[in-house]
Amino acid sequence: MDLITTAVLASAAAGVATGVGALPLLAVGKLSDAVQNAFLGFAAGVMLAASFFSLLLPGLEAAQADGMGEAGAAAVVVAALLLGALTLALLNRFAPHEHFIAGHHGSDAPGLSRMWLFVIAITLHNIPEGLAVGVSFGGQDRSNGYSTALG
């Protein structure tokens, strides 16, 4: 299978996994604050590990393979990380969206229903994940893409 098809299918599988991961919670109903905090902490740990092992370390290795020293590679990766965080912060600040608990965020968007505000919120949170999967498959080692999609 070619690289683009593999990346698209892996991204689609990651999206399906998001929905499948929510199914058990639909059967449970309301979670206690302690259980919800534990689940959120677990999810954050998985995403942090995927970011570190499947994105940051391969990024450092790729920059060094291109002839950069350790300091130059670290500077490029840190700059890219900060640029990505800034982009997401700006999207979070200005794109209208709504969270179930925290309520409305971003700019006012008269005429948008709550449903569309939730769809925008989910999209904002999934953009970095899709980018991560695509970029992971773009390197020399496809196993980085598979592990990022799995995470």
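**Surface, core and helices**

Modeller: The protein chain exposes about 10,200 Å², of which carbon and sulfur atoms supply 73%; accessible areas come from the Shrake-Rupley method with a 1.4 Å probe, and for residues only the protein chains shown count as cover. This is a predicted model, in which local features need pLDDT of at least 70 and side-chain atom pairs count only at pLDDT 80 or more, while totals for chains, interfaces and linings use all residues. Residues are numbered from 1 along each chain as its sequence is written, and side-chain values use heavy atoms, with hydrogens and water left out.

Colleague: Which elements does the chain have, and in what order do they run?

Modeller: The protein chain has 5 helices and 2 strands, and from the N terminus on the order is α-α-α-β-β-α-α. Helices (H or I, at least four residues) and strands (E, at least two) are DSSP runs, numbered from the N terminus.

Colleague: How much of it counts as buried?

Modeller: Of the 151 residues of the protein chain, 18% count as buried, where buried means under 20% relative accessible area, exposed means over 50%, and partly exposed lies in between (1.4 Å probe, protein chains only).

Colleague: Which residues make up the largest nonpolar core?

Modeller: The largest nonpolar core has 5 residues, namely Ala7, Ala10, Val133, Phe137 and Ala149, and the elements that give two or more residues to this core are H1 and helix H4 (114-138). A nonpolar core is a set of buried Ala, Val, Leu, Ile, Met, Phe, Trp, Tyr and Cys residues joined through side-chain atoms within 4.5 Å.

Colleague: And what does Ala7 touch?

Modeller: Leaving aside neighbours within four places in sequence, Ala7 is in contact (heavy atoms within 4.5 Å) with Val133 and Phe137.

Colleague: What about Thr6, buried or exposed?

Modeller: Thr6, which is in helix H1, counts as buried because its relative accessibility is 5%. Not counting residues up to four places away in sequence, Thr6 touches Met1, Phe137, Arg142 and Tyr146.

Colleague: Changing topic, which residues of H5 are buried?

Modeller: In helix H5 (residues 142-150) the buried residues are Asn144, Gly145, Thr148 and Ala149. They cover an arc of only 130° around the axis, so they are on the same side of H5; the arc is that of the directions from the helix axis to the C-beta atoms.

Colleague: Last one, what about Pro96 and Leu117?

Modeller: Pro96 is in the loop between H3 and strand S1 (97-99), and Pro96 counts as buried because its relative accessible area is 16%. Pro96 and Leu117 are 21 residues apart in sequence, and their C-alpha atoms are 6.5 Å apart in space.
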